[in-house]
Every structure is written in C-alpha cells, then in structure tokens.
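Please keep the sequence and the structure in view while reading.

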Amino acid sequence: MMSTPTTVDTLIHADWIVPVLPHGVVLENHSIALTGDRISALLPTAEAQSIEAKRVIALPGHALMPGLVNCHGHAAMSLLRGYADDQPLMPWLEEHIWPAEEAHVSEEFVADGTELAIAEMIRSGTTTFSDMYFFPNACAATAQRLGMRCQITFPIFDFPTAWGQDADDYIRKGLALRDNFKHSALVTVVFGPHAPYTVCEANLAKVATLAAELDTPVHIHLHETAGEVLLAVEQNGERPLDTLNRLGLLGPRTQCVHMTDLGDQDIALLAATGAHVVHCPQSNMKLASGTCRVRALLDHGVNVALGTDSAASNNDLNLFGEMQSAALLAKLHTQDATALPAADALAMATINGARAMGLEDRIGSLETGKQADLIAVDLRGPETQPLYHPLSQLVYACNGSQVSHSWIAGEQVMANRELSRIDLNALTRRIDQWQRRIATGPGAA
Ligand SMILES: [Zn+2]
C-alpha cells in the first residue's frame, strides 16, 4: 500500500472513475492526484480533502479513464483522408494511394500529416499511438514536440521507397532513430517489417535476431485478407503465421496487425507463443478485408488490442468508434449478443494496447505509480443521458467529441477541448495547401 501524499500538483474530482484495472470496475465520487508525470493517488473524494494541491479541478458529470491506446496506424496518411473511397484494396493502393505517396511523401508531408493526426487523436481521447510510415524520424520528432506518447515502428521493405533502399538500409536508419530517442520518456522505437509479402524470409530472420538481441518489439501486418494467406500457401506451402513462427519471429514481443483469416490452429499458435493481435475493425470492414475472431482469441488467452489503421481506410482515428465497432462486429460475427461486452472493448482500447507494446507497467490503466495518461469525458450532454451504466455509455454512446480534458505524462494537453500545444488555425492553413497540391497531383480520383 502506498500512503496518501500530503501535497500534489493536481487533484481532479470526478463523478466516476473507470480505472480499467480491476476489470469492469466503476468508482463513484473518487478523486485522482497527479504529481510530476505520475498518478500519485486514487481515492474516495471524501478522503482527498486532506490533500494539498497546487491545482484542483472539479469535473461534475464527467468520467475519468485512462487515455486510449491506438495500437496501429499510419498517422501521416491523414493527409489522404477521403482521397479515394469505396475501392477494393488493390486498385485503391495501386491506382490512388501509392501514386499519391510517390509524388508527395516527404519529411514535411509526414510532419504535417502527423500533427493533423495527433490533433484528432487527442480530441477523441487517444494518448498513445503506434505508427508505421516513411520518414519515421519526422513522426517521432512531431510526437515528441507535441507531448504525445507513441511507439514508432520503423518500416522495413525489401525494395526502395522514399525513405530507404533495401532492408539493411531501413534497419540501419531505424536503429539510429532508436538510438536518438532512447532517453525519450514518450517515444519508443521498434521494428516494423511491413508484411510477409513485402519482406523476404532472410530479412524477416534478420529482424527476429536483432529484436531478440535488443529485446525490442516487432510490429507487422499479418493475415490482412484471406487472399494474402491463400497466396502464401500456394507460393510457400505455409500460412504466413507459420512462416513467422518458423523464423523465430512469433513471441511476446510480436504485434500481429489485422489477423482476419484465423483457423483454430492459428489461434492455438498465437496463444502458445504469447504473440499479440491488433484488431482494426473499421479498416477491415471498409476495405472488406475480413473479420478477426476476437472472442475466440480472448477465450484462448491471446492479448487483443485495437487500432484504427490510417485515416485513408477508416476514415477517422477515433478509438471510441473502434470500441463500438469491435463490440458490434464480434456480436454479429458470432451471432451472440454477449460476445465482447463493453468492459472487454474498453480493455482492448487501453490496457491490452499497453501490453502489446510492452508498456503495461507504465500506461493503460489508472493506478497509483503509473504514468498520468488520462482523459475526462463529459457525460452531461443529451447523447449520453440518462446514465444507468457509465462504462457501457462510454463504449456504446460516446463518439469521442465528449472528451473534454486530456493529460499525457502529467501534462495537460487539452482543457475544455482546447489543445495546449497545437495551433489548429495554423495547422488547418497548412492542410489546405496540402489538399490543393494532392487533389491535382498523380492518383487523384
Ligand atoms: Zn496498416
């Protein structure tokens, strides 16, 4: 037991606190104290009166909860939001997204696109995101500058792109980036081999060796569609998940993104190796990719986190929407209305994401000693009244716009929906310029 501190930086009183751990718990009339970058107390409001605080914030009608953890995305692609909708995956990529990226992607594109993404994420309750994109140095620097927590997964391909020449070049640049940010409290840098169909076995094996040596996570697109799995079986006589396992790339450091085409043997292998799954329900639905068997994975003890994927295939970076979609899709898919209850969806968007990134000791729940990454949600509006079950309301009735306040590592990054480090007017002007350039360039629909 930690003793109650006598003086703290910030003391927040809220009607409800949803700490996520313990699972499904809602605390009424509790307060949370922040000291430096940490949570220093979580206690009944009546007992918090003796605490001296530099700042006291009363939030009647609000719920406090951990900041959401977006475990998969490509932040800078926010500049391509709504650019080419309602297309199948391959024509979407080959005729629109890839030509536009080839024409426009640069450090400036990534910095501005990432700032747009971070503004949207903070305003919809996310305090940690994972990113895989070209010029990860620009994404990392932008997140650091804006006080946003993130996992940068530096991309690895066999072929040249705007950011590198071949796998060795991507790995060399990525490890240099990891070195640059090794003392950052907010930014972690991990391996991002793009997918088994864009990185050959020799290079995947190289990643497996380095990741084990450096005890660093690996983030990879895997089983995004049944077609991808079928093609791999035809070409290699093996499912991609089995290939990863054979190469020593499947374990508790591995984050497998999508996993739509899952047989029972795949689920058993994920459970046995301790690999994590990142479910992206809205992207999977929009691109008609397939359905992840979330309930079966959770029942077998596999950790399942949530991601938005990019705003080009979603079209937002709102994890409240993702929680709803995950819960509804699981119910429809299993034809069981009890599949994936609200508390499970909330855990996927918070503590499970933290576990997938290996950050569960620091973020993902509201507990004394953890990082002060938390949000306040205003439940007084007509959209969230009446209020019988706060946790259920957060998952099924909130659309993200009710998030009023946000703290990351103890710093208040949003108050009453005003962002503290981002000038939205200036950002919008820069985005307007990108829109004009991109709308008339290659790949425009
Ligand atoms: Zn993706």
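## Strand 13 and its two partners

Strand 13 and strand 14 run antiparallel and are joined by four bridges, and within this pairing Ala 376 has His 405 of strand 14 as its bridge partner. The model is a predicted one, and the descriptions that follow should be read with that in mind. Strand 4 (residues 52-66) also pairs with strand 13 in the antiparallel sense, here over five bridges, and Ala 63 finds its bridge partner in Val 377 of strand 13. Strand 13 itself, which covers residues 374-378, is mostly covered, since four of its five residues are buried.

Strand 1 (residues 7-17) pairs with strand 2 (residues 27-35) over seven bridges in the antiparallel sense, and Ile 12 has Ile 32 in strand 2 as its bridge partner.

Strand 14 and strand 15 form a hairpin with two residues between them, and Ala 409 in its turn has a positive phi of about 50 degrees. Strand 15 and strand 16 run antiparallel and are joined by two bridges, and the bridge partner of Met 414 in strand 16 is Leu 419. The hairpin of strand 15 and strand 16 has two residues between the strands, and there Asn 416 takes a positive phi near 50 degrees.

## Two domains

The chain is divided into domain 1, made of 7-66 + 377-391, and domain 2, which covers 68-356. The centres of domain 1 and domain 2, taken over C-alpha atoms, are separated by 32 Å. Seven residues of domain 1 are in contact with seven residues of domain 2, and the side of domain 1 that touches domain 2 consists, by class, of four nonpolar, two polar and one charged residues.

Gln 335, which follows helix 12, has a positive phi near 50 degrees.

Asn 137 is found in helix 4, and Asn 137 is buried because 21 other C-beta atoms lie within 10 Å, where 20 or more are needed for that class. The C-alpha atoms of Asn 137 and Arg 178 are separated by 9.4 Å, although these residues are 41 residues apart along the chain.

## Backbone exceptions in the loops

Most residues other than glycine have a negative phi, and most peptide bonds are trans. Against that background, Leu 21 and Pro 22 are joined by a cis peptide bond with omega about -5 degrees, and Pro 22 has its place in the loop between strand 1 and strand 2. The peptide bond from Gln 385 to Pro 386 is also cis, with omega near -10 degrees, and Pro 386 is found in the loop between strand 13 and helix 15 (390-396).

Where, then, do Asp 86 and Phe 135 lie, and is each of them buried or exposed? Asp 86, which is not a glycine, has a positive phi of about 60 degrees and lies in the loop between strand 5 (68-70) and helix 2 (89-104). Asp 86 is exposed, with 7 other C-beta atoms within 10 Å. Phe 135 likewise has a positive phi, near 50 degrees, and lies in the loop between strand 6 (126-131) and helix 4 (136-146), but Phe 135 is buried, with 24 other C-beta atoms within 10 Å.

Key. Residues are numbered from 1 along each chain as its sequence is written. This is a predicted model: local features need pLDDT of at least 70, side-chain atom pairs count only at pLDDT 80 or more; totals for chains, interfaces and linings use all residues. Two strands pair if DSSP finds at least two bridges between them. Domain bounds come from an automatic or database domain assignment. Two residues are in contact if their C-beta atoms, placed from the backbone, lie within 7 Å. Ala, Val, Leu, Ile, Met, Phe, Trp, Tyr, Cys and Pro count as nonpolar, Asp, Glu, Lys and Arg as charged, and the others, Gly among them, as polar. A residue is buried if 20 or more other C-beta atoms lie within 10 Å of its own, exposed if 12 or fewer, and partly exposed in between; C-beta atoms are placed from the backbone.
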